[in-house]
Amino acid sequence: MLTDVLPKGLRLVVCGTAASARSAQIGAYYAGHGNKFWRTLHQTGLTPRQLAPSEFRLLPQFGIGLTDIVKDQAGNDAVIRFEASGRERLREVILAAAPTYLCFNGKRAAIEYFGTRQVAYGLQAGTIGTTKIFIAPSTSGAANGAWDLTVWEELGRLVTALRH
């Protein structure tokens with residue numbers, strides 16, 4: 001639905017599950033009214049100010065890229081057909097872009113990638129090529145019950161340490 005933002009040389013790529021209906025409608029990542037993504041990037045020091053969804057193309061200036069594991073559907077997890085998820089496509093684009101970190105924005109995207117039933121938040125043991133994998137709580141308003149900014153703060157520390 002949304003075009004990947006994946007130039008080479010990124011410190012971080014954030015991978016969501018799929019574009020929300022609102023994001024697909026306006027053509028901008030994390031545009032849902034209750035989504036905390038843009039605020040979280042700023043609160044964790046990953047961006048110097050809170051960007052608007054319409055400014056998603058500016059993220060590479062801050063070493064950040066975007067993608068989703070499901071690229072051809074939009075909506076919340078209840079309406080996505082995950083059997084058509086792009087696990088191999090994601091692996092290929094991450095190998096090509098070679099960011100330092102890949103962060104799954106929510107457990108569902110990570111579960112689909114790893115093909116497992118459970119994952120834990122934080123830095124993972126495996127990699128994709130040289131890219132380290134991190135799993136953070138979903139910023140979606142629909143996932144408020146699992147929200148924990150401290151996991152995102154851990155990611156922020158890891159990524160901002162690369163600047164120094």
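The model is predicted, so local features need pLDDT of at least 70 and side-chain atom pairs count only at pLDDT 80 or more, whereas totals for chains, interfaces and linings use all residues. Residues are numbered from 1 along each chain as its sequence is written, and side-chain values use heavy atoms, with hydrogens and water left out.

The structure holds zero disulfides. Cys15 has 0% relative accessibility and counts as buried (under 20% relative accessible area; exposed is over 50%, and partly exposed is in between, with a 1.4 Å probe and protein chains only). Cys103 is likewise buried, at 0%.

Proceed to Asn105, in strand β3 (residues 101–105); strands (E, at least two residues) and helices (H or I, at least four) are DSSP runs numbered from the N terminus. Asn105 is buried, with 4% relative accessibility. Its side chain makes a polar contact with the side chain of Tyr30 at 3.4 Å (a pair of N or O atoms within 3.5 Å; within protein, one must be able to donate a hydrogen and the other to accept it, and residues adjacent in sequence count only if both atoms are side-chain atoms). Next, show the backbone nitrogen of Thr139, which lies 2.9 Å from a polar atom of the Asn105 side chain. Beyond its neighbours within four places in sequence, Asn105 is in contact (heavy atoms within 4.5 Å) with residues including Cys15, Phe37, Pro137 and Trp152.

Select Asp4, Lys71 and Arg89, which are linked in a network of salt bridges (a side-chain nitrogen of Lys or Arg within 4 Å of a carboxyl oxygen of Asp or Glu). Lys71 and Asp4 meet at 2.9 Å, N to O. Lys71 lies in the loop between β2 (64–68) and α3 (87–97) and Asp4 in the segment before β1 (12–16), so this pair ties together parts that are 67 residues apart in sequence. For Arg89 and Asp4, the closest N and O atoms are 2.8 Å apart. Arg89 belongs to helix α3, so its pairing with Asp4 joins parts that are 85 residues apart in sequence. Lys71 is buried at 17%, while Asp4 is partly exposed at 25%.

Finally, select Glu55 and Arg49, whose side chains form a salt bridge of 2.7 Å, N to O.

Technical notes
Disulfide = S-S within 2.5 Å.
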